[in-house]
Amino acid sequence: MTKTYFVTGTDTEIGKTVATCALLQAANQCSFSTAGYKPIASGGQMTKYGLRNNDACLLQKNSSVSLRYNEVNPILFEASTCPHIISEKTGKPIEFSVMSEGLRNLQLKAEWVFIEGAGGWYTPLSVEKKYADWVILQELPVIIVIGLKLGCINHALLTVESIKYSGLDLVGWVGNEIASIMYYQVEYLKNLHRLISAPCLGLIPYHNPEFIIKLGKFIDLSLL
Ligand SMILES: Nc1ncnc2c1ncn2[C@@H]1O[C@H](COP(=O)(O)OP(=O)(O)OP(=O)(O)O)[C@@H](O)[C@H]1O
Ligand SMILES: [Mg+2]
């Protein structure tokens, strides 16, 4: 049975894509077949192959299974903004069925699937639906990426509480050094370890984006 994890974060732009690539690489190193999934992306660039989102391209590249772009990212909006706003503006509703079918397809192809969310845990997808509602429907175990910066303890604890409230399993968290310098980082980490009962799967250091290909070693998959 495919191991499937949903990767959320304490905010947008805090390292969900970087951490999801690291998780894929860690599983690749153990010779598992892997697939990254970004069901909904907003922000696309036109290429000779069509509209592409950078997060989805990185997940495609870090998957051990060869996947077509739209298998990794079935729903893509060109504008880089909150999915429900652009969905409403373009009259293109976000269908849970499309997200679920895409996931089933990847689960047939890979032993490990890591799904990157969009924004944070309670990102809305329409007036009625939140991203979390789909994760609940799928009963997925959740990993939180914590971008290490001022305010992250509060954001992390709010996210932990909301996941618990959803009745889902929080299986781990990844600390991500989003800034080159963070004062009191040791103290922040100590508090995160103390306050979050799920295990820390790894700490991703601040790095030059070129080194995104070498992040698997910072993740301990045996904790999953
Ligand atoms: N550990 C790190 N060291 C250096 N740069 C980082 C690190 N983590 C993330 N970044 C950079 O910060 C930016 C945001 O990271 P990333 O795209 O992974 O965030 P995200 O949470 O996936 O964002 P989004 O909500 O847009 O999907 C990127 O430019 C990425 O290269
Ligand atoms: Mg991302």
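How many salt bridges does the structure hold? I found four, taking a salt bridge as a side-chain nitrogen of Lys or Arg within 4 Å of a carboxyl oxygen of Asp or Glu.

**Ground rules**

I am working on a predicted model, where local features need pLDDT of at least 70, side-chain atom pairs count only at pLDDT 80 or more, and totals for chains, interfaces and linings use all residues.

**Entry: the chain as a whole**

I started with the fold and noted eight helices and 10 strands in the protein chain. Helices (H or I, at least four residues) and strands (E, at least two) are DSSP runs, numbered from the N terminus.

Along the principal axes, the C-alpha atoms fill a box of roughly 45 × 40 × 35 Å.

I then looked up burial, and buried residues make up 53% of the 224 residues. Buried means under 20% relative accessible area, exposed over 50%, and partly exposed in between (1.4 Å probe, protein chains only).

For contacts (heavy atoms within 4.5 Å), I took those with a separation of 6 or more, and residues 24 or more positions apart account for 77% of them. The protein chain exposes about 10900 Å², with carbon and sulfur atoms supplying 55% of it; these areas come from the Shrake-Rupley method with a 1.4 Å probe, and for residues only the protein chains shown count as cover.

**Entry: the magnesium site**

Which protein donors does the magnesium ion (ligand 2) have? I listed Thr17 (OG1), Asp55 (OD) and Glu116 (OE), lying 2.1 to 2.2 Å from the ion. Their spacing in sequence reads T-x37-D-x60-E. Threonine 17 sits in helix α1 (residues 16–29) and glutamate 116 in strand β7 (residues 112–116), so I have a pair 99 residues apart that links distant parts of the chain. Both threonine 17 and glutamate 116 are buried.

**Entry: salt bridges, one by one**

Asp55 turned up again here, in a salt bridge with lysine 38 whose closest N and O atoms are 3.3 Å apart. Lysine 38 lies in the loop between β2 (34–37) and β3 (40–42) and aspartate 55 in helix α2 (residues 54–62), so the pair ties together parts 17 residues apart in sequence. Is lysine 38 buried or exposed? Lysine 38 counts as buried, at 5% relative accessibility, and aspartate 55 as partly exposed, at 21%.

I moved on to glutamate 71, which meets arginine 68 in a salt bridge (3.8 Å, N to O). Glutamate 71 is buried at 7% relative accessible area, while arginine 68 is exposed at 52%.

Glutamate 71 also meets lysine 109, at 2.7 Å from N to O. With glutamate 71 in helix α3 (residues 69–72) and lysine 109 in helix α5, this pair ties together parts 38 residues apart in sequence. Lysine 109 is partly exposed, at 36% relative accessibility.

Threonine 34, in strand β2, is buried with a relative accessible area of 0%. Leaving aside neighbours within four places in sequence, I found threonine 34 in contact with residues including Leu24, Asn62, Val65 and Trp112.

Serine 100 belongs to helix α5 (residues 96–109) and is buried too, at 14%. Not counting residues up to four places away in sequence, serine 100 touches Trp134 and Gln138.

**Entry: a nonpolar patch**

On the surface I picked out Ile181, Tyr183 and Tyr184, a nonpolar patch with about 440 Å² of accessible area together. Patches are made of residues with over 30% relative accessible area and no salt bridge; like charges are joined within 9 Å, nonpolar side chains (Val, Leu, Ile, Met, Phe, Trp, Tyr) within 5 Å. Tyrosine 183 lies in the loop between β9 (170–176) and α8 (185–195), and I logged tyrosine 183 as exposed, at 64%.

Note on methods
Residues are numbered from 1 along each chain as its sequence is written. Chains are lettered from A and ligands numbered from 1 in the order in which they are written. Side-chain values use heavy atoms; hydrogens and water are left out. Donors are N, O and S atoms within 2.8 Å of the metal (3.2 Å for Na, K and Ca); water is not among the atoms, so sites may look incomplete.
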